[in-house]
Amino acid sequence: MTWSAPTSNGGSTITSYVVTSSPGGKQATWTSGPLTATVSGLTAHTTYTFTVVAVNSVGPGPASAPSNPITPR
């Protein structure tokens, strides 16, 4: 999954992003490099959406809007 950085970092550098699947709540954390992450442990033929939360020294920001539905094969 890939995403774009938010327009505002709340005044502090973003240190990580957390990607969460729904259903299931499986997560992947980004800490450096291109804005991409792989969420492991998903079930084939189950439809998921994903949200991304930016984290800085102040704490986590609001979750993104859910992604388009994705169904792993």
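1. On the β2 side, the bridge partner of Thr20 is Gln27. Please keep in mind that this is a predicted model, where local features need pLDDT of at least 70, side-chain atom pairs count only at pLDDT 80 or more, and totals for chains, interfaces and linings use all residues. Residues are numbered from 1 along each chain as its sequence is written, and side-chain values use heavy atoms, with hydrogens and water left out.

2. Now for the strands (DSSP runs of E, at least two residues, numbered from the N terminus). Two of them pair if DSSP finds at least two bridges between them. Strand β1 covers residues 14-22 and runs antiparallel to β2, joined by four bridges. With β3 (residues 49-56), β1 pairs over eight bridges, again antiparallel.

3. What is the order of the four strands in the open sheet? Reading across, the order is β2-β1-β3-β4, with antiparallel pairing. The edges are β2 (27-30) and β4 (59-60), each of which pairs on one side only.

4. Finally, the aromatic rings. Rings of Phe, Tyr and Trp (its six-membered ring) pair if their centres lie within 6.5 Å; planes under 30 degrees apart count as stacked, over 60 as edge-to-face and the rest as tilted. By this rule there are three aromatic pairs.
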